[in-house]
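Open the model in your viewer and keep the selection panel at hand. We will go stop by stop.

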Amino acid sequence: MLELALEIGRAESEPLIEGIALMAQGTRELARLVLDDAERLYDQSLEIFRRHGFVRREGAALTWIAGVWTSQGRFREARRALHEALILSRQMESRTYEGNTLMNLGGVDLAAGRLDEAESYSIKSLAIHREMGNRHGEGIVIGQLGVIALERGDVELADSRLIQAESILKECGVKGFHAALLPFVAVMEARVGRLAEARRSLKEARDYFLSVNDQGSLSAANIVEGTLEVATARILASSQRNEAEALVERARSRLVAASSQESGNVGDLSKAIRLLRQDLDLWAAGSREPGPQAPAMGLRVGSAGAWFEVAGNERVDLRRRSALRRMFDALADKRLSSPGVGLDPNDLFELGWPGVQLHPEVAMKRVYLGIWALRNLGLTNVLLHQTDGYLLDPKLPLLRQNE
């Protein structure tokens, strides 16, 4: 059908039909991951649109070409094409087109690991999508901002944004964009201990990618599986160390395999790889044996949990993070009064958020986010988990300093 449309466009000297048919063929080849052919067809359509002054179509072709280049990891070229498209959107005074182009620029910079630039474009895009009432675009951009927060280690913000984005994309019924977000939702859920939810999110994404034969996204999902393995290893570390190390080694092997394979979705794969590397680095930091002086120096804790220092490292101030401070203070008290005994997550919620009434699932989510945040602030190898709850390592000396 597309070939017939192309023949008609050429036979009838209808450049618009010819260009649209070429662009549609390019999109077909992009879906098949035949990226070189997709690029060639998009280039041909772009040349026709430019020659005949079809400005809106020119911008569309530039956007599709940028998509091919992003999939190939050619981020600088993709960025250049989108900047051309952005100029065209402003010439046409099309706010919707401008919002979409800014969104795509944010996506390219996020794929490239340029988080500040990605955030700047995404925030500008979000404002336009909200102005125009474009819920679909709003959901995509909030998802991008959620992944940015996830990479920065701001788990509470990431969780809020990803949940909001997932809800909007479900509401809009855009299955492809919702599925593309789910692996990163799974990373978030795994990092805060919601492993069952993480597995469900990743399975839903995989099922969709398989249904449309999206091999590039399946490669990214395979890397995300490694984050679930590392999260499982953290749970097993205190009681089944060998099994935990085996899971971490399996996660590392996924990175090695990813570096040697071709993918049609380098953008999502690169994000997934960076996130898995963060988790592996965190595991490695927590797995090291303490140095000769570490046990003697131990953990120093300020009055009412206002700050802590681990083994002489830089002081971490918790005075402006009241819930974290109260949780940490309770853990320190438990460590001194009952070494080796854990604090139940329900008790931690009541201590961290006194007087607050929440649905049990929401309350537990706050606790898990708090535990992740404390570990990320420097308690990776100090804040442990066992069957009766969370605890500070009883083998590490703890000194209270009541100023």
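Helices here are DSSP runs of H or I with at least four residues, strands are DSSP runs of E with at least two, and both are numbered from the N terminus. This is a predicted model, in which local features need pLDDT of at least 70 and side-chain atom pairs count only at pLDDT 80 or more, while totals for chains, interfaces and linings use all residues. Residues are numbered from 1 along each chain as its sequence is written, and side-chain values use heavy atoms, with hydrogens and water left out.

**Whole chain**

Start with everything selected. The chain has 18 helices and six strands. Its C-alpha trace spans about 85 × 45 × 35 Å along the principal axes. Of its 403 residues, 50% count as buried. Buried means under 20% relative accessible area, exposed means over 50%, and partly exposed lies in between (1.4 Å probe, protein chains only). The chain exposes about 19100 Å², and carbon and sulfur atoms supply 51% of that area. Areas come from the Shrake-Rupley method with a 1.4 Å probe; for residues, only the protein chains shown count as cover. Among contacts between residues at least 6 apart in sequence, 58% join residues at least 24 apart.

**Two loops with positive phi**

Most residues other than glycine have a negative phi. Select Asn-213, in the loop between α11 (195–211) and α12 (215–236). Asn-213 has a positive phi of about 55° although it is not a glycine. At 48% relative accessibility, Asn-213 is partly exposed.

Next, select Glu-93, in the loop between α5 (75–91) and α6. Glu-93 also has a positive phi, about 55°, and is not a glycine. Is Glu-93 buried or exposed? Glu-93 is exposed, at 71% relative accessible area.

**Salt bridges**

A salt bridge is a side-chain nitrogen of Lys or Arg within 4 Å of a carboxyl oxygen of Asp or Glu. How many salt bridges does this rule give? The count comes to 37.

Step into α6 (residues 95–111) and select Arg-95 and Glu-98, which are three residues apart, about one helical turn. Their side chains meet in a salt bridge of 3.3 Å, N to O. Arg-95 is partly exposed at 32%, whereas Glu-98 is buried at 11%.

Go on to helix α9 (residues 155–172), where Glu-166 and Lys-170 sit four residues apart, about one turn of the helix. They form a salt bridge of 3.9 Å, N to O. Glu-166 is buried, with a relative accessible area of 14%.

Then select Arg-79, Asp-109, Arg-114 and Glu-117 together. A network of salt bridges links Arg-79, Asp-109, Arg-114 and Glu-117.

Show the strands as a cartoon. Two strands pair if DSSP finds at least two bridges between them. Four strands form an open sheet in the order β3-β2-β1-β6, with mixed pairing. The edge strands are β3 (316–317) and β6 (398–401), each pairing on one side only. Strand β1 (residues 299–302) and β6 run parallel, joined by four bridges. Select Arg-300 to find Leu-399 of β6 opposite.

Axes are lines fitted to C-alpha atoms, for helices over the stretch in contact, and angles run from 0 to 180 degrees between N-to-C directions. Helix α16 (residues 322–337) lies across β1, β2 (307–310) and β6, at about 120° to β6. Helix α18 lies across β1, β2 and β3, at about 50° to β2.

Now select Arg-400 and Asp-333. Their side chains meet in a salt bridge of 2.6 Å, N to O. Arg-400 lies in strand β6 and Asp-333 in helix α16, so the pair ties together parts that are 67 residues apart in sequence. Arg-400 is buried at 19%, and Asp-333 is partly exposed at 39%.

**The hairpin**

Move to β4 (residues 383–386) and β5 (residues 389–392), which pair in the antiparallel sense over four bridges. A hairpin joins β4 to β5 through two residues. Gln-386 stands opposite Gly-389 in β5.

**Last stop: a nonpolar patch**

Which residues make the nonpolar surface patch of about 180 Å²? Select Val-356, Leu-358 and Val-362. Patches are made of residues with over 30% relative accessible area and no salt bridge; like charges are joined within 9 Å, and nonpolar side chains (Val, Leu, Ile, Met, Phe, Trp, Tyr) within 5 Å. Leu-358 is in the loop between α17 (345–352) and α18 (360–379). At 32% relative accessible area, Leu-358 is partly exposed.

Conventions
Contact = heavy atoms within 4.5 Å.
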